[in-house]
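Hi everyone, thanks for coming. Please take a moment to look at the sequence and the 3D view, and then we'll walk through them together.

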Amino acid sequence: MKKIILFLFATFFALSQAVSAQEKTANPEKYTAHNKGKMFVFWGGNRESFSKSDIHFKGPDYDFTLYDVMANDKPKGWHVDYLNPSRMTIPQTNLRIGYFINDHYNISIGLDHMKYVMIQNQNVEIAGVVGTSYPDYAGVYLPSGNHTIDMTDGTFLKFEHTDGLNYINTEFSRVDDISKIFKIRNTDKFQVNITEGVGAGILYPKTNATLLDKERHDDFHVSGFGISAKVGLNFTFFKYFFIQTELKGGYINMNDIRTTNNPGDSASQHFLFLQRIIAFGGIFSL
């Protein structure tokens, strides 16, 4: 009896394995069902918004702060430069490469190439001291004195991070397939994912500045740090290609900005930013 039971059990197990194999052949597992071990890369563009910020300038014979300075980005729109290898770093761009440590979570490193341009046509409040070395602007500006300065003609200050406001960062993100919501069955043809993540990194801007009629300065310099969070939608086509849209906001603190050729001159500022990103990429198994 024992042998018969063992024989029946072995026969049942063999039949169940055969049925399972047939089901897998008839309904093979989708490539998009799992992400663990896959790598991805994307390239795209962005638009940005910035909060007002106080900018502190200091150097030989001056130490002052400009309050509530407004700035814009510098968009190029839909342009062939995004695809031209010799010019693709000129527009506002996003480059990212990452790896899925499991089906839902990935870690990535990227460059958010933003552009920050101080609006020239504005009057801002000033407080601090400008010494007699700069006779056109010399004075003691008391915080309570409601002193303003007109920056329209650019002789006092031009200030922008246009090559650019480079946020080099690492992100930790989660991805979830939400294709079922849209009744998509074959995700190997088309898949919809939602992604959320947090990131942190350094700011490596190339600051284009003229200050107090000094010679223009434009050089790369590690200037501070940033933190960020994002949410986005990922649309994957034919398993390997995707379009990803993101809203990404964060905080930037730059406490060591180069403003002139003299290393004794510097500036500092901190502000919030919001990016709207659209990117094109690919995902593949190692």
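How many aromatic pairs does the count come to? The count comes to 18 aromatic pairs. The rule is that rings of Phe, Tyr and Trp (its six-membered ring) pair if their centres lie within 6.5 Å; planes under 30 degrees apart are stacked, over 60 edge-to-face, and the rest tilted.

Before we go on, this is a predicted model, so local features need pLDDT of at least 70 and side-chain atom pairs count only at pLDDT 80 or more, while totals for chains, interfaces and linings use all residues. Residues are numbered from 1 along each chain as its sequence is written, and side-chain values use heavy atoms, with hydrogens and water left out.

Let's start with one pair. A pair of aromatic rings is described by the distance of the centres and the angle of the planes. For F42 and F242 the ring centres are 6.4 Å apart and the planes stand at 85 degrees, so this pair is edge-to-face. F42 sits in strand β1 and F242 in strand β15, so the pair ties together parts that are 200 residues apart in sequence. When I say strand, I mean a DSSP run of E of at least two residues, numbered from the N terminus. F42 is buried, at 4% relative accessible area, and F242 counts as buried too, at 6%. Buried here means under 20% relative accessible area, exposed means over 50%, and partly exposed is in between, using a 1.4 Å probe and protein chains only.

Now compare the pair of F64 and F156. This one is tilted, with 5.5 Å from centre to centre and 45 degrees between the planes. F64 belongs to strand β3, and F156 to the loop between β9 (148–150) and β10, so the pair ties together parts 92 residues apart in sequence. F64 counts as buried because its relative accessibility is 1%, and F156 counts as buried at 2%. Both belong to one aromatic cluster made of F57, Y62, F64, Y134, Y137, F156 and F159.

Some of these names come back in the nonpolar core. A nonpolar core is a set of buried Ala, Val, Leu, Ile, Met, Phe, Trp, Tyr and Cys residues joined through side-chain atoms within 4.5 Å. Which residues touch the most other members of the largest nonpolar core? They are F57, F64, L66 and F156, out of 34 residues in that core. Among the elements that each supply at least two residues of this core are β2 (53–59), β3 (62–69) and β16. Apart from it lies another core, of seven residues, including F100, F242, A279 and I283.

Next, the empty space. Rolling a probe the size of a water molecule over the atoms shows where empty space is left. On a 1 Å grid over the protein atoms alone, a cavity is a set of points where a 1.4 Å probe fits but cannot get out; a pocket is an open set with protein on both sides within 12 Å along at least five of seven lines; and lining residues have an atom within 4 Å of a point. Grid points are joined across faces, edges and corners, and a volume is the space filled by probe spheres set on the points.

The structure holds one cavity of 30 Å³ or more. The largest pocket has a volume of about 410 Å³. It is lined by 28 residues, with N35, F100, V175, N193 and I283 nearest its centre. β10 gives the most to that lining, with four residues.

Let's finish with the backbone. Where is the cis peptide bond? The bond from D163 to G164 is cis, with omega near -5 degrees, and G164 is found in strand β10. D61 has a positive phi, near 70 degrees, although D61 is not glycine. D61 is in the loop between β2 and β3, and counts as partly exposed at 36% relative accessibility. K183 also has a positive phi, near 60 degrees, and its place is the loop between β10 and β11. At 75% relative accessibility, K183 counts as exposed.
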